[in-house]
Each structure stands twice: as structure tokens, then as C-alpha cells.
Amino acid sequence: MTDSGQTDKRPLIKLRGVTKVYGAGHAATHALRGVDLDIGDGDLVAVMGPSGSGKSTCLNILGCLDTPTTGTYMFKGVEVGRLDRDQRARLRRHYLGFVFQGYNLLNRTSAIENVELPLVYRGVPAKTRRALARRALDAVGLKGREKHAPNELSGGEQQRVAIARAIVTGPAVLMADEPTGNLDTARSHEIMELLAALNRQQGITIVMVTHEPDMAAYAKRIVHFLDGLVESDKRNGSQT
Amino acid sequence: MLWDTIFLALREIKRNVMRSFLTILGIVIGVASVITMVTLGGGATVQVTNQIASLGSNLLMVTPGKRMGPGQSSAGAPFRAKDVEAIARDIRSVAAVAPASAKPVVAIVGNENWSTTVTGTDNQYMKVRMWPIKAGRQFSDSELRAGAAVCIVGDTVRQKLFGGLEPLGSRIRLGKLSFQVIGLLEAKGQSSMGTDQDDLVLLPLRTFQRRISGNQDVSLIQVSVRDGESTEKAQRDIERLMREHRHISPGAEDDFSVMDMKEITRMLTGTTQVLTGLLGAVAAVSLLVGGIGIMNIMLVSVTERTREIGTRLAIGALEREVLMQFLVEAVVLSSSGGLFGILLGLVACIGLKNFLQVPFVFNPGIVVIAFLFSAGVGVVFGYFPALKAARLDPIEALRHE
């Protein structure tokens, strides 16, 4: 167990003194109080902490859905705080994938069409889209389930579709917000094994928020948040 | 990308067929009424125009009193038989001139009686109106000069009074006097105003003046201009001659009018067009109401699909792409309403044309305008809900519900 906030690889993500304040005056909530965090290419990071510790806020900022109140967030050398809404949308479109606790698949839309969605916004032609989506579904072990609608799939399968949708574009980072939060233990382990495999085999950087230590155990590195600050940042011994 | 968006919109609409149908109903009804009003109105105008044209484009109507607009005229002294003679004698471009004075009477044959109109005129009437005699003969010169008790009857009068009997040579009572039937007119059918043209009895003018009206008045002079001659010139010549005859001092207004078919057409179609315009405006208001319905349902749809919008924004949809998605959905809704409305309107026109006796005149212009207008309603009323969707904060939207 080595203490290493820094990785030997070039930092893909670099947070410096990041704060986030909601509201103003006495009603102001300080969600983040000055976070420094580097995440290198190919890492698998679990972000943990009690609710209200700022871990979700941090993931929103890392996912370019939100911007820091102060401090800087450098993504691939670009300062995200300086980008406007559309520029951040383009950045998400080209470099980020998202997996949510509640899957957030489009209802009554087949699995393969859900997976194609990010490619539609990238302007990929229909034929290529279909082929890429098929390959992504294969990669998450859903071969033959392409035509099923989300309500015809189990929770674990739905989350696999969501993961396929996140990786279909070949993103630099996959942001997962409690990806196993709605699943039973067996399914949760399957999903974590899938994410670990994607990280290992395809080198996708994964940042995952979770409050289950069992799931965090799959990560290479565990970052603990408390009261808007990074409390601990450890390499996971079992993985290295 | 646009095709993807349209396809997406169609699928969204298909998911909620009943709701979509009710949403577009306002537009369907609005467009259908516009199409029906304008098509039937256009048909009525064409019908009027055609029937007037069938009278011949070279017909002039000379009436006492000055026309001041549709249906309005100032009073003026009636004409005399000598005015008719003067026009026939002095104006070279004239082919035929017919006087006419008319009065409603009850015609009686045996036990049958029928309310009709009796018109005093001469043989020129048939010539001017291009109306041949079907059986019997015209008035003879001596009958015209002497004011003989003879008449020529229209087809409706023949049917009502004689049925299957032979009218020629029979006697017909008009008011207190009895007249011998010497001729039958061809059936002509309804006029542009919807009146039965065949419902008339013709008498020699002099007979009419002496025995029916009891005065020397001629209330209408119909003039047909020779082929190849200018109707405008004939019109001016008649005006000059009549001013002379009626002793109108230079600079004073005419107390009569000479109208050509163009003016008469304008007069008759003017009313139809005003009515069409008004009904069209009412229909346009119903389109706006339909637009509000679309706006309402689009707002509901945006709220229902907040999470979907959040997901789309998170995976990299731009603001304007989300805007487009909802705008296209609104436009697809409203323009499909337009399409159904056009079909419904055309079906209604075909159904009503027999009932209203108006021809069906397909007007591609109004179909295109109605379609574009309905699509425009979608753009206008879909914009605000679409903007609301596009401006959503992805974090809030993902957390929705």
C-alpha cells in the first residue's frame, strides 16, 4: 500500500484548489473547499465518502457538467472553467462517457439505438453507427440483445447497455455515478468486473463514485472525500 | 442529422397516438375550414364568372340610376322606348338592343296558377341574351306595334301551368287579362344568383306598358356589341347619347349607368370574396388556437422527458440540437395536422359541392399556403417549449423525479 496521489503517467485530469459554492451569503453551501486531484491516463479511481462530502459535485465538475466556483480544472491541458456551455458539451461528446445510477436509457428505444445515441450527436453515418454500437454491445456481453427495449432487460443488463453507450465513442474518461447503486450484490460484482476489464483491456480511464467498499475494491486507487476536501488518496494494494 | 431528428419526432408522436391526435385536432379543424371556405368560395366565384361569361362578353347593361358600389344605386328617371330606338339607330357598333320592364304577376291556366315575372320587351331580347325559341315563333312586327295580347313563355312556366298539355295557341291569364301563347323558350337553368331564369313570361313592350304597368317606362336596356367592336367605345357612345337624351348638363353626374360584363362580374363576385375573406379570417383564428394546444402539449412533453433531455445533454448534445429536436417535433405535429386538415377540407368540399350546387375548383395555392401556415404555427408555438428544453441544466435534469 503506497501513498501516491501522483501517477507516473501524464495527468489527464488536474484539479487545483477547486471550490464549489451553491447559493450566496448565509445560505451558501460550500460543496467543495479546495480540492487538488490528478488522474492519469488509464487509471481506475473510486471516489468514496459520506453523502454531502462533495463527491458527486466533484464528479459533475470532472464530467464537465458543472464548473468550479474558484480554482482550475485542466482536462487534457484545457481549462474547463473557461469553456462555455456548448464547448463543454463538445468536450463531453468527444472525450467523456457517462454511466448513471438509474441507467438513464431512453424508454421504448431498443438497446442498440440507445448505444447509438452519442454517435448520432457526433454525426456518424447510420451504417457505421450500427456497426460500432453492435461491437460495444458485444464488449459488454449483450450479443443478441440488441433489439430489446430497456423494460425487457434486467437491471444488470440495462446498466451494461448504459456502459456500452458510454464506451461506444471510445472516450478518454468514463464517469460513473454509483453504477451499482440500483443492483443486487451479484449483479454489482458483474458490473464492476466489466468496468475493470474495460479499464484493463481497452485502457479506458474510469472515475467512479461509490459508497460500497466492496465495489471500490475493484479500483486501482481510492479517493476519500470528507466535508468538501480530499481526506485520503490511496493506491489499492490488491490491484497493483 | 435532420432525418434522424424527423424520424425521432415521428417515433415520439407515435408513442402517444391519442394525445398527438387530440393535440393536432385544432390545427386539423382550422386548416380544414380554411380549405373548405376558400375552395367553395372560389368555386362560387368561378361559377358566377362563368355564367356571366356565358351571357357573352359583349353585353352592356344600361340602367337608370348611378351605381355607387355593390348593391347600391341612386335613383334616376326610367328610360323610354325612344331611348332604345336611338341607341339602335345612332350607335353603329351595336348589334342588338333590347328594352325590358318587368313586374311580378300571377299566371293562371285553368286551375293551375303560378307566381312569375312578366317582362315587356321585343324580339331583340332573344338575340341579346342568345336565347333561342324552342317551339312556336317570335313576336310579329304588327303584334309589337299594336301591343297585341300574345306572349312567349319560359320553360318553368310551361311546366308549372301546362304540365304535359300543348301550350302553343293556349291562353294564359296574367292579372286580369288573357294572352295567347305563341312561343316557348329553351330551358336555361339557374342564373349566377341562384334564381330560375326560365321562370318568366315575355310580352311585347307596348302590350306590357299599356296593360300591365300602365306607364311608358323602360327599366333596363340590354345592348350587345358587334363582334370585333370595342365594348369600351360602345359604352362611351351610349353614355354620350343618353346624357344628350336625358338633358344632363356638362359636368353633372350621370343619372344612369352603362355596365359591361367585367363590372357586373366584379359587382357579383365582390360579395362572395368579402364573405370568403371573413370566413378565412375566422378559420385562421382557429389555427392560432390550435397552435396554443400544441404549445401546451409540448410543454408537458418537455417536463415528462426531463431525464431524457438531461441524458442527451450529458452525452454531448448541444443546446441547439435539443432545441431542434423539440422544434421539429412541434412542426411535425402541426404540419401533420395541416396535412390531415387539407385532406378533410377537400373531402368536405367534394361532399358539399352537390349540396350547395357550387363547382369544386381545386386551388393548389391555398393548399400550399395552409400547409406552410400550419408548419409555421408549429415553429412559433413550439419554439418556447423547445427553448425551455434546451436551456435545462443537465445536472438538474438528470436528477429529475
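Helix H9(B) passes helix H12(B) in a right-handed crossing. The model is predicted. In chain B, H9 covers residues 261–304 and H12 covers residues 364–390, and their axes come within 9 Å.

**Packing of H9(B) and H12(B)**
- The two axes cross at roughly 30°. Angles under 35 degrees count as roughly parallel, so H9(B) and H12(B) are roughly parallel to each other.
- On the H9(B) side, the contact includes B:Leu287, B:Gly290, B:Gly291, B:Ile294, B:Met298 and B:Val302.
- On the H12(B) side, the residues include B:Phe373, B:Val377, B:Gly378, B:Phe381, B:Phe384, B:Pro385 and B:Lys388.
- By class, this helix–helix contact has 14 nonpolar, 5 polar and 1 charged residues.

**Overall form of chain B**
- Chain B contains 13 helices and 12 strands.
- Its radius of gyration is 32 Å, whereas a compact globule of 401 residues would have one near 21 Å.
- Along the principal axes, the C-alpha atoms of chain B fill a box of roughly 105 × 55 × 35 Å.
- Buried residues make up 40% of the 401 residues of chain B.
- Among contacts in chain B with a separation of 6 or more, 82% join residues 24 or more positions apart.

**Interface with chain A**
- In this interface, 17 residues of chain B are in contact with 19 residues of chain A.
- Helices H1 (2–15), H10 (306–314), H11 (319–356) and H13 (394–399) of chain B each supply at least two residues of the side that touches chain A.
- H10(B) gives the largest share of that side, 5 residues.
- The side of chain B that touches chain A has 9 nonpolar, 2 polar and 6 charged residues.

Conventions
Residues numbered from 1 in each chain as written. Chains lettered and ligands numbered in written order. Predicted model: local features only at pLDDT ≥ 70, side-chain atom pairs only at ≥ 80, totals over all residues. Helix = DSSP H or I, 4+ residues; strand = E, 2+ residues; numbered from the N terminus. Rg over C-alpha atoms; globule rule 2.2 N^0.38 Å. Buried ≥ 20, exposed ≤ 12 C-beta atoms within 10 Å, placed from the backbone. Contact = placed C-beta atoms within 7 Å. Nonpolar A, V, L, I, M, F, W, Y, C, P; charged D, E, K, R; others polar. Axes fitted to C-alpha atoms, helices over the stretch in contact; angles between N-to-C directions. Parallel < 35°, antiparallel > 145°, perpendicular 65-115°, else oblique. Left-handed = near helix turned anticlockwise from the far one by under 90°.
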